[in-house]
Amino acid sequence: MKTMMYVCLNSLIAFALVGIAEIIEPALIRSKIRYHGVLAFFTALLILVALLVGLLLGAFHE
């Protein structure tokens, strides 16, 4: 059961990462930035990490 929870959580994080990258990428394409796919992925990764850190800090706040 615990393994299924981790599988679901990891797939949710992966889909969120792809979704955020798909939202960011058209703005980078319009700006004529090279390597817009890679930049969109790493920007989405940064946003997702910031959200997860904020979630963890909020969960363990006293």
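I began with the surface and found a nonpolar patch made of Y35, V38, F41, F42, L45, V49, V53 and L57, with about 780 Å² of accessible area together. A patch here takes residues with over 30% relative accessible area and no salt bridge, joining nonpolar side chains (Val, Leu, Ile, Met, Phe, Trp, Tyr) within 5 Å and like charges within 9 Å. A salt bridge would be a side-chain nitrogen of Lys or Arg within 4 Å of a carboxyl oxygen of Asp or Glu. Areas come from the Shrake-Rupley method with a 1.4 Å probe, and for residues only the protein chains shown count as cover.

A note on the source: this is a predicted model, where local features need pLDDT of at least 70 and side-chain atom pairs 80 or more, while totals for chains, interfaces and linings use all residues. Residues are numbered from 1 along each chain as its sequence is written, and side-chain values use heavy atoms, without hydrogens and water.

Next I looked up the fold: two helices and zero strands. I took these from DSSP runs (helices H or I, at least four residues; strands E, at least two), numbered from the N terminus. The radius of gyration is 15 Å, well over the 11 Å that the globule rule gives for 62 residues, so the protein is more spread out than a compact globule. That radius is over C-alpha atoms, and the rule is 2.2 Å times the number of residues to the power 0.38.

Then I picked two residues. V38 sits in helix 2 (residues 36-59) and P26 in helix 1 (residues 2-30). The C-alpha atoms of P26 and C8 are 28 Å apart.
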